[in-house]
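Reader: I have a structure open and a few things to ask about it. Can you take me through the metal site and the charged pairs?

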Amino acid sequence: MFKKDITAGQKSKVKSSVQRGIRTKVTETYPLLAPHIDEIMPKKEQLDLIKLPDRVSLYALHSTPLFFQHMDDALLPHLTLVHRYPSCFPRIRIDRGAIRFVLSGAALMAPGLTSTGGRLPNPNAKAEDEKYGKEELETGAPVVIEAEGKEHACLVGVLKMGTGEMKEKKKGVVMDAGHYLGDGLWKMHLD
Amino acid sequence: MAETETADAGSSGLMVRNVVYCGVCTLPPEYCEFGGTTKKCEEWLQQHHPDMHAKLYSAGPPVYPPPTQRSQLTTVAITEVLEANMASLSVDAQKRAEKDAQKKAAKAATQEAKEQERKASAMVYIKRIERNKRKYVTAVSGLEAHGLELKKVAKDMGKKFATGASVTKIPSGGEEITVQGDLSDDIFDWVLDTYGDVVPEDNVECIEDKKKKGAG
Ligand SMILES: [Zn+2]
């Protein structure tokens, strides 16, 4: 979604009623984030809306990007927010070999997740892999992508294929328009 | 940074982490190896976060080795750490990755050289313009070439000098900052005080625009 460098468009203040709506939507989409919502979006602070190219809206608090949204799709967290609250988002893991493709903006393919280095939700996961969940994720689910051997996530986006289907087919595009480390959204500065 | 390297406390979900980002490539340092500036990144990390550098690059367990390799990795040095990780790729993919990294590094190097050259030659002009008899405006141009955001700088100047400062378009297509008042010398000092680290003194010049009258 942000392969090219982007310049921030118009910035406007978010009305408090709209702001309340965003808070609700965020906590609905990411229930684990609910205990932190007051730190992330304090009720009394003013959220800003920044228009980005291709009908993407970015919500920011004091120049800190928080969530972005393509038209009316799911609200997705900026990666810096994911890094601060890693355990509050549904996440899966790619193997090491897939990292460089992700960081160059290529579509994420199923083998990167189904190989031995990858992790998908698994009801019988070992303790260290429990963070990748037990229940399958459906097509359209917003999800954070972590990487083998790395602590921090490298990609966030919406699944084009459910995790169950990935396990079955072991091929095909899993996510093609996400926000990844080093992309235009990552590099953009707000101030 | 202790918290940076702590594992997720299971599924508690009640953890907020402070994250360190690389001062060179902006990514979390563990991802520096995928950019084209790995060497610079390493130097930066060593300077700014030696403890993290030790974990990521030198002997000792890497921060998060894949479980299968954890045992072999506990006592190897950086190259070996990376090599061990590479071993999980096929030989072919390994070659490609290597080539990839080289290309990226070369590209980054030329880009940086160009950028340096451009910055070294980019002049900043502070020009006094007579608007009316004994009324002046000061136009500052060229700051954007040094990576400064004109809008922000204008705002700061306005505050600093308690005057009007705005970003205006110039006929040649770019933009410059127009400050109300004859402030050339003050702006000269302020620019160097504030942005001396990005704008070399030799690149800033005060000039006077003697429009109609005067000997020029
Ligand atoms: Zn780096």
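Reader: What arrangement do the 4 donor atoms around the zinc ion make?
Author: This is a predicted model. The arrangement is tetrahedral, because the 4 donor atoms subtend angles of 108 to 112° around the zinc ion.

Reader: Which residues are the protein donors?
Author: C22(B), C25(B), C32(B) and C41(B), each through SG, lying 2.2 to 2.3 Å from the zinc ion. Along the chain their spacing is C-x2-C-x6-C-x8-C. Of these, C25(B) sits in the segment before α1 (38-48) of chain B and C41(B) in helix α1 of chain B, 16 residues apart.

Reader: C25(B) and C41(B), buried or exposed?
Author: Both C25(B) and C41(B) are buried.

Reader: Switching to salt bridges. How many over all chains?
Author: The count is 16 salt bridges over all chains. One of them pairs K11(A) with D48(A), with the closest N and O atoms 3.8 Å apart. K11(A) is in strand β1 and D48(A) in strand β2 of chain A, so the pair ties together parts 37 residues apart in sequence.

Reader: And is D48(A) buried or exposed?
Author: D48(A) is buried, at 12% relative accessible area, whereas K11(A) counts as exposed at 52%.

Reader: What does D182(B) pair with?
Author: D182(B) forms a salt bridge with R128(B), and their closest N and O atoms are 2.8 Å apart. D182(B) is in the loop between β4 and α7 of chain B, and R128(B) is in strand β1, 54 residues apart.

Reader: Which residues do shared partners join into one network?
Author: R91(A), K131(A) and E146(A), through salt bridges that share partners.

How values were computed
Residues numbered from 1 in each chain as written. Chains lettered and ligands numbered in written order. Predicted model: local features only at pLDDT ≥ 70, side-chain atom pairs only at ≥ 80, totals over all residues. Heavy atoms only, no water. Donors = N, O, S within 2.8 Å, 3.2 Å for Na, K, Ca; no water. Tetrahedral: all angles 85-135°; square planar, octahedral: opposite > 155°, others 65-115°. Helix = DSSP H or I, 4+ residues; strand = E, 2+ residues; numbered from the N terminus. Buried < 20%, exposed > 50% of the residue type's maximum accessible area, 1.4 Å probe, protein only. Salt bridge = Lys/Arg side-chain N within 4 Å of Asp/Glu carboxyl O.
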